[in-house]
Amino acid sequence: MTATLTHSPRMPVPGRQYGLDWLRIGVFILLIFYHTGMFFNTEGWHAKSLNANDAMEPFMWLSSPWRLPLLFLISGVAMRFLSDKLGSGKFALDRLWRLFPVILFGMYVVVPPQSYSELRIAGIIEPGYWDFFRQYAGEWAGPWELHTPTWNHLWYVVYLFVYSLLLAPVFPLLRKLADSKMMQAAGQASSRGWLGTLALISLPLLPFLLVRFTLFEHFPTSHDLTEDWANHANSFSMVLIGYFMARNEGVWRGVDRALPVVGALTAVLLAYLFWAYTHIEIALGEPALLWFARLARIVFMWSIILTLLGAARRWLNLDGPVRRYLTAAVFPWYILHQTIIVIVGFAIRDAGYGVWTEFAIITAATVSGCLLGFEVLRHIPVLRLVMGMKALAPAIAPAPTVQTGPTLQKL
């Protein structure tokens, strides 16, 4: 999902944005720690500590509005460049080859230990993983209330795969619209004056406000693909926003110009939402405060995304071996991390450890497990495929010492 830029004779192309890679890396790493926190907070999850408490919940809630939306936006940017390079048909085949094996492997190898741990903690099944797995893999919807087989945290991959296939046939139309004079003029307007900044902040909020006060009331987030319409509307909108931003130089200049304003707005909203989350009884008891908090949460989602995009362009547009390593590693880490958290949490929850000892054990096991897992899996071609990595590059013969023709650049 690296935002690789390719040149088109029709449109000016911004320089490669390594900052988007760093944001993607950062969001996936934050997600790992978020799911570690889910073991300790008071909300329902696959495995829970006996020391569960609400100390970290306000900080976790403050990350929820923007983590996945930012990932979908970056994915939309990547879709634009990859579809321009490959064309619709090859793009669809590439997504089929790169994402579908991840989904199947995830559902039948990576995720089942999570369901096993969850059912064991609930006392629904007896010890014996293979007896459980035969039922998990052999019966759609399983013989228990928990729906199996399932994708759990890999719902993002499933949704991205579906969105990619839905959009592939209409990429020529979307490309024409995104490159139209109207859209380019709108992008230029967003980079000029306070009205442009106001438009950049406010106009993209409209679909999310509409979804919040219509679909969300009837379709709360479920990650089950077929009934998750509010989440689909939000996530798909972010993909489209990313797609239309990707090659619009004016919009990116607008993001740069808006950074001080959106940064200040984000700080104010962050403070207010932190107060609301830590005084939830007051907010729930006052309808005006409750509705204002709901509106603030949506504005905060977009303002912090704009802030992070602008900050990444200004301070993180850096390449190097660390970026290249993390860009390759972070998606496999994402695939592996939640299963490690749940398994280790299930194994130690009855050991009588204090909360900080549990946190240290789970964090150390997750970090080391992700690092070791990636280092092992990336050297095995078939496992690279199911971890979403590119195939191993074939060996390249050394170039001859004397060349009579033009030098070929290795791509």
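**Note on the predicted model**

1. V109 is found in helix α4, residues 88-110. Helices here are DSSP runs of H or I of at least four residues, and strands are E runs of at least two, numbered from the N terminus. With 43% relative accessibility, V109 counts as partly exposed, a class lying between buried (under 20% relative accessible area) and exposed (over 50%), with a 1.4 Å probe and protein chains only.

2. This is a predicted model: local features need pLDDT of at least 70, side-chain atom pairs count only at pLDDT 80 or more, and totals for chains, interfaces and linings use all residues. Residues are numbered from 1 along each chain as its sequence is written, and side-chain values use heavy atoms, without hydrogens and water.

3. Helix α3 covers residues 67-86. The expected span is 1.5 Å times one less than the number of residues. Of the 20 residues of α3, 16 are buried, so the helix is largely enclosed by the rest of the structure. Just after α3, G87 takes a positive phi of about 85°.

4. The protein has 19 helices and zero strands. Its radius of gyration is 23 Å, close to the 22 Å of the globule rule for 411 residues, so it is as compact as a globular protein of that length. The radius is taken over C-alpha atoms; the rule is 2.2 Å times the number of residues to the power 0.38.

5. Of the 411 residues, 48% count as buried. The C-alpha trace spans about 65 × 65 × 35 Å along its principal axes.
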